[in-house]
Amino acid sequence: MLRAGLDAQQNGNVRQAERLYRQVLESDSGNRHALNLLGALCTNTERSEEAVGYITRALAINDADPQAHANIGLAYKDLGMAYKAADHLAESVRLDPSKPVVFNNFGNVLRLLDQPGKAIRAYDRALRLDGRFAECWSNLAAALNESGQHEAGLRAAARALELSPDLAQAHNHIGDICLQRARYDDAVASYRKAASLSPGSTVALINLAKAYRDRDEPEKALKALHRAFEIEPGNPEAYHVKGVLLEQMGDREGAAEQFKSAIRVAPEMAISHYYLAQMKGRRSSDKEFEALNSMWDREGMTPNNRMYLAFAIARIHEQRGNFDEAYKFLAAANRSKAAVKPYDDADSARYIDAIVEATKKSVERFGGSVGHRDTRPVFVVGMPRSGTSLTEQILASHSEVAGAGELSFAFDTVRRVRTITGNKFPGDMEKLSADQFRELGAYYMSRHFDEYLSSRYVVDKSPLNFQYVGPLALMLPGARFVHCLRHPAANCFAIHRIPFDLRQTYAHSLEALGKYYTRYWNLMQQWHELFPGRILDVRYEDTVIDIESQVRRMLDFLQLPFEAQVLNFHETKRLVKTPSASQVREPIYKDALALWKNYSQHLGPLMENLRVPMHA
């Protein structure tokens, strides 16, 4: 009967297989093979709780069965219990390291646990066993992307498509990598291909909506989401993405309803709870707060979900004036990120010092007469949360200025130094010729959309471009830089209270923030010395206190006439792709200026490591 049941299951006759397995168990309730097979069948038919019950009984009889551990691992994964899934899959590959499928599944769970490095190792083990495992190549591409290895990710996805040209998930992962690198047209093409290959799936359509959103085409994004809802009316991810889009479009009420819908369908969707809690001008209800506190006591949440949940609870405590309680959750949220990828101050120092040294040598060779002469680029730089979004929104409200948003173009451009010199940036940058600097500047400008380039100025608001002011100033001698800054403690705490990704390692520790901010401050002083007159400092506090005088300073810096509508920046109709989206839709407000002082008793590690003027 077991053999007949397995044959039936492999031939797609699930009902017949289940009937036969149950008959076996009626005769022999301790038959571990029937328990395991019935558990696997339940997993495949979306009955994971039943699956855990059956396979747990099988493991009680023989806990050294690698297949049972593999099967219960998948059941726990589907139940959202990634830690337990990882434990069982780890035991399965320990007991039997010959199954590529199990290593692949192990890698998938490790990615859920925000451990892409370990996932890469699991996928590598699978591919050593079966180098033609197309889905595993595709999953490897996703893990490489998540760990910042974009080129390697593209190669892995290309290998997957060599083996299986119609593998939709590989096209989807290529789209993810292209989207992260701001190659929007390529991302759209990849997602559309994935959607056409898997017309019953909503994944590619939701991602397509993100790509259209980032390409400043909100109507196309909404259309893609509408198609996703037609396929799966209650998809929580689609609700969430639509909520983010509506918030960026300025429809806060509509956004809140979408986040609520996501939570109603998937109450454990912590990211939607956070987005709802952080919306400017909205106070979370007691019922919403109770739901979050109830979730906090549950075990088995993925680190990412727990992190978003902690940030959401912190926001609601903050709304209620419970700052000590809020800080407990902020600390918990950031600890989870800091543990995965700690900040390396020595590495930051080496990197920044090398950029400065290479820039100085190039300035000595060429002065300011090098690079692609285009006067349109304006870079808004500074630490995150220093007022860069506000500054861009103000500038983009002028009739002669286009706001391009947060872009990776500068990052991509400086990385092209390696293709010229053969040495990782910034190594050998000082050896670039005048023609090569011009080529790099022209490449940067080529990345912008034509519609933006038709304006007198195009604003690239990417805060961390402060690292590249020197190279960019050489590549684009006509570019101007607006440097946003605010009180150091206020700025650092503002970073610490929102969920930055793993790449921003400095953001997750107060000590690291103090050290990194100090390096940023000292670097900006060096850029001022090397490129006098090309950088305008704009203090957030000054803008809040007297917006008109700061607006006039910025417009004078750009040699633009004053326009009254710039003062009404919050009424400008454009996508605002930033965590500050709901804030820059409001008139200037002063309530955030001293927020950090409510947490001052917790900020000792920050203050001890800040070595900058406190009046900044």
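User: How are helix 9 and helix 10 oriented to each other?
Analyst: In this predicted model, the axes of helix 9, residues 134–146, and helix 10, residues 150–163, come within 8 Å and cross at roughly 165°. Angles over 145 degrees count as roughly antiparallel, and helix 9 and helix 10 are therefore roughly antiparallel to each other.

User: Is Ala157 buried or exposed?
Analyst: Ala157 has its place in helix 10, and, leaving out residues up to four places away in sequence, it touches Trp137, Ala141, Ala170 and Ile174. A residue counts as buried under 20% relative accessible area. Because the relative accessible area of Ala157 is 0%, this residue is buried.

User: How far apart in space are Ala157 and Phe557?
Analyst: Along the sequence, Ala157 and Phe557 are 400 residues apart. Taken from C-alpha to C-alpha, the separation of Ala157 and Phe557 in space is 46 Å.

User: How are helix 3 and helix 5 oriented to each other?
Analyst: Helix 3, residues 32–44, and helix 5, residues 66–78, have axes 10 Å apart and pack at an angle of about 25°. Since angles under 35 degrees count as roughly parallel, helix 3 is roughly parallel to helix 5.

User: How many charged residues are there in the contact of helix 3 with helix 5?
Analyst: Helix 3 passes helix 5 in a crossing that is left-handed. Asn36, Ala40 and Thr43 of helix 3 make the contact with Gln67, Ala68, Asn71, Leu74, Ala75 and Asp78 of helix 5. By class, the residues of the contact of helix 3 with helix 5 are four nonpolar and four polar, and the number of charged residues is one.

User: What is the C-alpha separation of Leu38 and Tyr54?
Analyst: Leu38 lies in helix 3 and counts as buried, at 0% relative accessibility. Not counting residues up to four places away in sequence, Leu38 touches Glu18, Tyr21, Arg22, Leu25 and Tyr54. Leu38 and Tyr54 are 16 residues apart along the chain, and their C-alpha atoms are separated by 7.0 Å.

User: How many charged residues are there in the contact of helix 11 with helix 13?
Analyst: Helix 11, residues 168–180, packs with helix 13, residues 203–214, at an angle of about 20° and with the axes 11 Å apart, and the two are therefore roughly parallel to each other. Their crossing is left-handed, and in it Asn172, Asp176 and Leu179 of helix 11 meet Val203, Ala204, Asn207, Lys210, Ala211 and Asp214 of helix 13. The residues of the contact of helix 11 with helix 13 divide into four nonpolar and two polar, while the number of charged residues is three.

User: Is Ser455 buried or exposed?
Analyst: Ser455 has its place in the loop between helix 26 (450–453) and strand 3 (457–461), and, leaving aside residues up to four places away in sequence, Ser455 touches Arg376, Glu400, Val401 and Ala402. The relative accessible area of Ser455 is 19%, and the cut-off for buried is under 20%. By that criterion, Ser455 is buried.

User: Which residues does Thr413 contact, leaving aside its neighbours within four places in sequence?
Analyst: Thr413 has its place in helix 23, residues 409–415, and at 0% relative accessibility it counts as buried. Once those sequence neighbours are left aside, the residues in contact with Thr413 are Leu440, Tyr443, Tyr444 and Met475.

User: What is the radius of gyration of the protein chain?
Analyst: The protein chain has 32 helices and five strands. For 616 residues the globule rule gives 25 Å, and the value of the protein chain is close to this, so the protein chain is as compact as a globular protein of that length. The radius of gyration of the protein chain is 27 Å.

Conventions: Residues are numbered from 1 along each chain as its sequence is written. This is a predicted model: local features need pLDDT of at least 70, side-chain atom pairs count only at pLDDT 80 or more; totals for chains, interfaces and linings use all residues. Side-chain values use heavy atoms; hydrogens and water are left out. Axes are lines fitted to C-alpha atoms, for helices over the stretch in contact, and angles run from 0 to 180 degrees between N-to-C directions. Helices (H or I, at least four residues) and strands (E, at least two) are DSSP runs, numbered from the N terminus. Angles under 35 degrees count as roughly parallel, over 145 as roughly antiparallel, 65 to 115 as roughly perpendicular and the rest as oblique. Buried means under 20% relative accessible area, exposed over 50%, partly exposed in between (1.4 Å probe, protein chains only). Contact means heavy atoms within 4.5 Å. The radius of gyration is taken over C-alpha atoms; the globule rule is 2.2 Å times the number of residues to the power 0.38. A crossing is left-handed if the near helix is turned anticlockwise from the far one by less than a right angle, and right-handed if clockwise. Ala, Val, Leu, Ile, Met, Phe, Trp, Tyr, Cys and Pro count as nonpolar, Asp, Glu, Lys and Arg as charged, and the others, Gly among them, as polar.
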